[in-house]
Amino acid sequence: MKIVFQLFILFFKIGFLTIGGGYAMIPVIQVEVVDKRKWIDSADFIDMLSIAQSSPGPIAVNTAIFVGYTKARFLGVISSVLGTILPSIIIILTIAIFFNTALENEIILKAFKAVRPATIGIIIGSAFKMLNTLDKSISKILLSISIGVILTLFNIQPILIIVLSMLISIIIIKLKNRGQQNGEQT
Amino acid sequence: MNILLTIFLAFLKIGTFSFGGGYAILPQIQYEVVDVHFWITLSKFTDIIAISQITPGPISLNAATYIGFDLIFNTTSSIYFGIFGALLATFSVVIFPLVFMTNLTRLYSKNKDNELLRKVLKNIRPVIIGLVFAAGFGLFNDKNIIDIYSIFIVIISFILFTKYKLNPIVISFIFAIIGILVY
């Protein structure tokens with residue numbers, strides 16, 4: 001039961017303090033769940049990203065579901081998701097009810113001029129840290145970065161890329177297996 | 001009553017087809033609330049997106065909460081009904097992903113030791129990491145990179161995060177203060 005509460009607190013904190021949308025939350029979740037708490041190892045974390053991006057819905061919510069389920073099944077899912085979405089609801093409602101235009105606040109605007117580029121550095125840094133899981137293979141690392149560049153230049157739906165690369169991967173594995181079997185027969 | 005059902009269905013649809021998260025969902029929301037239902041104008045929608053971007057939390061959820069409130073508040077003039085509208089829109093967005101993702105996770109943890117699944121997930125790792133890179137690279141636009149200092153900030157925050165292992169939340173706060181002082 002304690003873990004269910006911890007999940008709620010963790011995702012509430014992440015939801016409350018991370019600005020810049022879903023992908024900005026990935027590095028924070030990475031630090032809190034993989035590095036600090038060691039709930040999930042870094043390879044499983046990437047598996048989680050594969051799954052989270054294959055499901056509809058905000059990536060932050062999907063990651064919360066994965067972590068919640070892994071740690072405490074359905075109760076974990078509910079508490080992690082509530083933790084993730086409650087801060088948004090509270091903050092947005094506060095703005096909608098009390099300040100019609102929080103945007104006009106000059107101090108906030110100034111702060112964001114520096115926070116936005118910082119978010120970019122953090123997201124790229126998060127991807128950079130994940131390169132550690134590629135077995136130090138230079139070709140895989142280069143492949144990863146070039147996919148990043150290609151996806152930036154061309155607007156392709158992530159789900160299409162994931163499904164396509166899964167299919168290609170399955171075909172290659174099957175072909176290899178068949179090749180091995182044939183090799184054994186002869 | 002009718003409007004509540006319409007909101008539920010519209011945001012359920014948005015949540016169900018929102019592959020790719022965040023920015024990928026925004027055109028879907030725009031299509032439903034601006035083009036199909038005429039609930040808000042395009043300029044109001046742009047304002048809502050701007051607010052969603054500078055507030056914590058997933059952008060699509062922030063937008064759903066705001067639009068849900070705005071819609072019901074404008075038709076009933078009651079803050080309480082408005083809050084209900086916000087909750088309704090937000091839960092409608094997450095309900096389908098919640099069911100879908102929970103089942104995907106369950107499938108994954110059941111078949112985690114399946115050799116084919118493990119191989120496939122391992123093989124597509126470079127692609128998934130590429131998607132995260134793309135999320136970062138995609139933010140290089142004239143809204144986020146406004147001058148030469150922006151480039152320095154990108155590099156410094158990258159180093160603070162990867163080399164000095166500073167918590168992203170701490171990095172954001174440091175730069176928020178720097179932004180207030182410098183700009």
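Where does α5(A) bend, and which proline follows within four residues?

## Helix α5 of chain A

In this predicted model, α5(A) bends by about 30 degrees at Lys113(A). The proline is Pro117(A), which follows within four residues of the bend.

Helix α5 of chain A covers residues 106–130, which is 25 residues. At 1.5 Å a residue, a helix of this kind should span 36 Å.

## A salt bridge between the chains

Lys122(B) and Asp135(A) meet through their side chains in a salt bridge, with 3.0 Å from N to O. This pair crosses between chains: Lys122(B) sits in helix α6 of chain B (residues 115–123), while Asp135(A) sits in the loop between α5 and α6 (138–153) of chain A. Lys122(B) has a relative accessible area of 35% and is therefore partly exposed. Asp135(A), at 46% relative accessibility, also counts as partly exposed.

Asp135(A) has a salt bridge within chain A as well, with Lys140(A). Here the closest N and O atoms are 3.9 Å apart, and a salt bridge is counted within 4 Å. Lys140(A) is partly exposed, at 26% relative accessibility.

Is Glu32(A) buried or exposed? Its relative accessible area is 0%, and residues under 20% count as buried, so Glu32(A) is buried. Glu32(A) forms a salt bridge with Arg37(A), and the closest N and O atoms of this pair are 2.7 Å apart. Arg37(A) is partly exposed, with a relative accessibility of 34%.

Across all chains, the count of salt bridges comes to 9. Among the residues involved, Lys122(B) pairs with Asp135(A). Elsewhere, Lys13(A), Glu32(A), Lys36(A) and Arg37(A) are joined into one network by salt bridges that share partners.

## A nonpolar patch on chain B

Which residues of chain B form a nonpolar patch on the surface? They are Phe140(B), Ile148(B), Tyr149(B), Ile151(B), Phe152(B), Ile155(B), Ile156(B), Ile159(B) and Tyr164(B). Together they have about 890 Å² of accessible area.

One of the patch residues, Ile156(B), is placed in helix α8 of chain B, residues 148–162. Ile156(B) has a relative accessible area of 41% and is therefore partly exposed. That value is over the 30% that a patch residue must exceed.

Methods:
Residues are numbered from 1 along each chain as its sequence is written. Chains are lettered from A and ligands numbered from 1 in the order in which they are written. This is a predicted model: local features need pLDDT of at least 70, side-chain atom pairs count only at pLDDT 80 or more; totals for chains, interfaces and linings use all residues. Side-chain values use heavy atoms; hydrogens and water are left out. Helices (H or I, at least four residues) and strands (E, at least two) are DSSP runs, numbered from the N terminus. The expected span of a helix is 1.5 Å times one less than its number of residues. The bend at a residue is the angle between axes fitted to the seven residues ending there and the seven starting there. Patches are made of residues with over 30% relative accessible area and no salt bridge: like charges are joined within 9 Å, nonpolar side chains (Val, Leu, Ile, Met, Phe, Trp, Tyr) within 5 Å. Accessible areas come from the Shrake-Rupley method with a 1.4 Å probe; for residues, only the protein chains shown count as cover. Buried means under 20% relative accessible area, exposed over 50%, partly exposed in between (1.4 Å probe, protein chains only).
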